[in-house]
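Here's a quick tour for anyone meeting this structure for the first time. Have a look at it below, then read on.

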Amino acid sequence: MKGSGAMKPSSMFYVHEADVVHIHHFLEECSLCAKSLSGDIFMYRGDTPFCSEECRQQQIEVDRAKHRRKKRAALAARKEHHHHNHRQHHQHQHKQSQQRPAGMDNPWVDAGFARAPALRV
């Protein structure tokens, strides 16, 4: 092929432009409204671009609302867990008091002694 003039690219290294998939870059469009970014870019949390301060502020408000919902849900779960444990504790105490024979409110019996230890002088 010497002297043929035009060289044909090797198929091993040549990629036709139509075969290239366009890779989306995160700074191409607004993260909220998907508007194409040109000019000023308003960033949030370091890697989230917005086309305007208004779009960025809307996202901030959405994130704050999500955070408040998560916080309320966690608080409610903690309260429910505490209430559940408190209720179990009282049920356990109630069962123990029902199983104890009358007149057995002796601290020595509660401590595992049949009767008060004898005092020797």
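What follows goes from the whole chain down to one residue and its surroundings.

## Ground rules

This is a predicted model, where local features need pLDDT of at least 70, side-chain atom pairs count only at pLDDT 80 or more, and totals for chains, interfaces and linings use all residues. Residues are numbered from 1 along each chain as its sequence is written, and side-chain values use heavy atoms, with hydrogens and water left out.

## The chain as a whole

The protein chain has two helices and two strands, and from the N terminus on they run β-β-α-α. Helices (H or I, at least four residues) and strands (E, at least two) are DSSP runs, numbered from the N terminus.

Of the chain's 121 residues, 11% count as buried; buried means under 20% relative accessible area, with a 1.4 Å probe and protein chains only.

## Zooming in on Phe 50

Phe 50 sits in strand E2, which covers residues 48–50. Its relative accessibility is 0%, so Phe 50 counts as buried.

Setting aside neighbours within four places in sequence, Phe 50 is in contact (heavy atoms within 4.5 Å) with several residues, including Cys 30, Leu 37, Ile 41, Tyr 44 and Gln 59. Phe 50 and Cys 33 are 17 residues apart in sequence and 8.2 Å apart in space, C-alpha to C-alpha.

## The ring partner

The structure holds one aromatic pair. The rings of Tyr 44 and Phe 50 have centres 6.4 Å apart and planes at 55 degrees, so this pair is tilted. Rings of Phe, Tyr and Trp (its six-membered ring) pair if their centres lie within 6.5 Å; planes under 30 degrees apart count as stacked, over 60 as edge-to-face and the rest as tilted.

Tyr 44 counts as buried because its relative accessibility is 15%.

Conventions
Buried < 20%, exposed > 50% of the residue type's maximum accessible area, 1.4 Å probe, protein only.
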